[in-house]
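Visitor: I would like to learn how to read a few side-chain features in a structure. Can we go through them one at a time?

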Amino acid sequence: MDTLDTVTRQGLSISSLFVVELVISAVLLALVIGVMAIALVRFRARPGETAEPPQVHGNRQLEIIWTATPAVTLAVMFVLVVQTLRTVDAAQPSAVAVTVTAHQWWWAFAYTDQQAVTANELHVPVGTPLLLNLESADVIHSLHVVRFGWMQDLVPGKTNTMQVLVDRTGIFDGSCNQYCGVQHAWMRLRVIAEPIDQFNGWVGQQRQPALASTGLAGEQVFLHNTCVSCHTIRGLAGATGTVGPDLTHVGSRNTLGAGVIDNTPENLRSWISNPQAIKPGVLMPAFGSLNAADLSAVVDYLETLK
């Protein structure tokens with residue numbers, strides 16, 4: 001995860017500014033070390049010398065130079081910083097609006113105009129501007145996708161924004177970067193940047209309700225347990241909980257528990273049985289009381305939700 005190899009226009013402006021600052025700092029460091037080295041070598045006391053060297057007081061030209069040079073450098077940096085801030089925060093026309101809500105310890109993504117909802121995996125169209133509206137459901141979090149080039153806090157009761165334009169396809173990892181509780185380290189997210197046609201296909205799939213279940217046993221297990229108190233499955237009457245992630249298309253996601261384990265039937269079975277063993281402190285209760293048949297049925301049902 002290279003912070004200088006950014007995949008957004010905004011991140012490129014930030015990394016370019018950092019390189020300029022790094023070059024200026026390197027030049028100043030070389031200048032200071034060079035002057036010190038010359039002074040130590042050229043003006044050191046020779047063997048046998050006891051007289052105090054001549055004392056020089058005041059050099060107007062030198063004082064003007066070492067006062068004006070930092071002032072001009074800081075003025076140039078100030079202009080570059082302001083330009084970078086304007087680039088990062090500039091409103092983009094026709095941006096795809098996404099509401100990002102941080103929870104302990106997972107992410108919810110709602111595509112406002114597309115009427116699609118998902119969790120922990122943010123799909124973005126390459127070359128299309130995005131407006132991320134950042135909110136928190138509990139404590140202060142921070143959205144940090146390293147390859148985006150910068151981070152932004154999510155504060156309860158306040159909506160922050162990020163203007164993002166991704167210009168490269170790929171899968172990029174992210175995390176929460178403000179300590180938010182015991183599972184802060186496992187509050188991961190995954191950004192999937194894809195061409196606009198693939199993104200539109202994904203959105204079209206995500207906005208659809210869950211298909212009618214072919215495994216009615218698993219559906220009934222889901223409905224008759226406390227799963228429905230926390231989770232929504234659009235198209236399934238009675239499953240309208242909002243405490244946990246939307247599970248309408250959970251079978252299409254790559255990970256479970258906000259990135260803690262891969263989404264496989266065996267891992268899903270372990271997660272439902274005892275999530276505390278996988279992610280201690282997670283708010284999801286254990287369902288160890290389910291018998292083997294019911295557990296297998298609900299796992300099979302959830303895996304069909306693509």
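This is a predicted model: local features need pLDDT of at least 70, side-chain atom pairs count only at pLDDT 80 or more; totals for chains, interfaces and linings use all residues.

Visitor: How many aromatic pairs does the structure hold?

Guide: The count is 4 aromatic pairs.

Visitor: What describes a pair of aromatic rings?

Guide: Two values are used: the distance of the centres and the angle of the planes. For Y111 and F199, the centres are 6.0 Å apart and the planes are at 55°, so this pair is tilted.

Visitor: Which parts of the chain does that pair tie together?

Guide: Y111 belongs to strand β2 (residues 106-111) and F199 to helix α3 (residues 196-206), so the pair joins parts 88 residues apart in sequence. Y111 and F199 are both buried.

Visitor: Which aromatic pair do Y111 and W202 form, stacked or edge-to-face?

Guide: Edge-to-face, with 5.4 Å centre to centre and 70° between the planes. Here strand β2, with Y111, is linked to helix α3, with W202, across 91 residues. W202 is buried, as is Y111.

Visitor: Now the charge. Where is E303 found?

Guide: E303 is in helix α8 (residues 292-303). This residue is buried but has no salt bridge. A salt bridge needs the charged atoms within 4 Å, and K306, the nearest side chain of opposite charge, is 4.2 Å away. Apart from neighbours within four places in sequence, E303 contacts G251, N263, T264, P265 and L268.

Visitor: And on the surface, which residues form a nonpolar patch?

Guide: L4, F18, V19, L22, V23 and V27 do, with about 530 Å² of accessible area together. One of them, L22, is in helix α1 (residues 9-42).

Technical notes: Residues are numbered from 1 along each chain as its sequence is written. Side-chain values use heavy atoms; hydrogens and water are left out. Helices (H or I, at least four residues) and strands (E, at least two) are DSSP runs, numbered from the N terminus. Buried means under 20% relative accessible area, exposed over 50%, partly exposed in between (1.4 Å probe, protein chains only). Lys and Arg count as positive and Asp and Glu as negative; His and the chain ends are not counted. Contact means heavy atoms within 4.5 Å. Patches are made of residues with over 30% relative accessible area and no salt bridge: like charges are joined within 9 Å, nonpolar side chains (Val, Leu, Ile, Met, Phe, Trp, Tyr) within 5 Å. Accessible areas come from the Shrake-Rupley method with a 1.4 Å probe; for residues, only the protein chains shown count as cover. Rings of Phe, Tyr and Trp (its six-membered ring) pair if their centres lie within 6.5 Å; planes under 30 degrees apart count as stacked, over 60 as edge-to-face and the rest as tilted.
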